[in-house]
Amino acid sequence: MMVVPTPRSLSQAVLAGETLIQFWNAVVKILGLVNSFIVLSALTVYQFGLYQLVLAAIAIAESFTTGLLDDIVSNDMARGLAEGRRSEAKRLALEFAAFKVLGGAALSVLLFFGSGVAAAYYSADIGTFIKIASALVGLGAATTALELFLSATLSLSGFAVRAFEEIAKLGLLWAFLRA
């Protein structure tokens, strides 16, 4: 049995979409606030410095996978879907997602096994923290690939993806504190 959605006016669709966007933005902000509170209350000055160094390394690594050709691929996917070429849009989405996820995974592995270099220059603690946080690079690549697909199909569910990324960051922060 196929469920047919009831038609809504443009103003209803915009209001519903904007409400959903604002809800997920609020969830992401709240989770970010929880992460910040934990960082500020649980870390010593030394640990906070290590945390900032690790975040810098992760940000540099993520810059190689985030935003790379995203707008072009999203535009091509949306155009393919609008013109009825679903198989071509699907192929493009899968190929680009595989490219991003494999690139993110490769960078995660590189950070994980290359953490000894940072440990040699700073301290052994930072090597452990980089190993823990290296998963964020792969996670970031996967979430941007998913967001790309959802934005091309005009699905507002894409805004929920960042909330799950914040939850993962919270888990990794917990692991960081336990190490």
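Select F113 to start: its relative accessible area is 66%, so F113 counts as exposed (over 50%; buried is under 20%, and partly exposed lies in between, using a 1.4 Å probe and protein chains only). Before moving on, note that this is a predicted model, where local features need pLDDT of at least 70, side-chain atom pairs count only at pLDDT 80 or more, and totals for chains, interfaces and linings use all residues. Residues are numbered from 1 along each chain as its sequence is written, and side-chain values use heavy atoms, with hydrogens and water left out.

How far apart are the ring centres of F112 and F113? They sit 5.1 Å apart with the planes at 85°, so this pair is edge-to-face (centres within 6.5 Å, planes over 60 degrees apart).

Next, click S134, in the loop between α5 and α6 (135–152). Is S134 buried or exposed? It has 5% relative accessibility, so S134 is buried. Leaving out residues up to four places away in sequence, S134 touches I58, S108, L111 and F112 (contact means heavy atoms within 4.5 Å).

Last stop: show helix α2 (residues 45–62) and helix α5 (residues 124–133). Their axes, lines fitted to C-alpha atoms over the stretch in contact, come within 10 Å and cross at roughly 45°. To see what touches, select Y46, L50, L53, V54 and I58 on α2, then D125, I126, F129, I130 and A133 on α5. Those contact residues divide into nine nonpolar, no polar and one charged.

Notes
Axes fitted to C-alpha atoms, helices over the stretch in contact; angles between N-to-C directions. Helix = DSSP H or I, 4+ residues; strand = E, 2+ residues; numbered from the N terminus. Nonpolar A, V, L, I, M, F, W, Y, C, P; charged D, E, K, R; others polar. Phe/Tyr/Trp six-rings, centres within 6.5 Å; stacked < 30°, edge-to-face > 60°.
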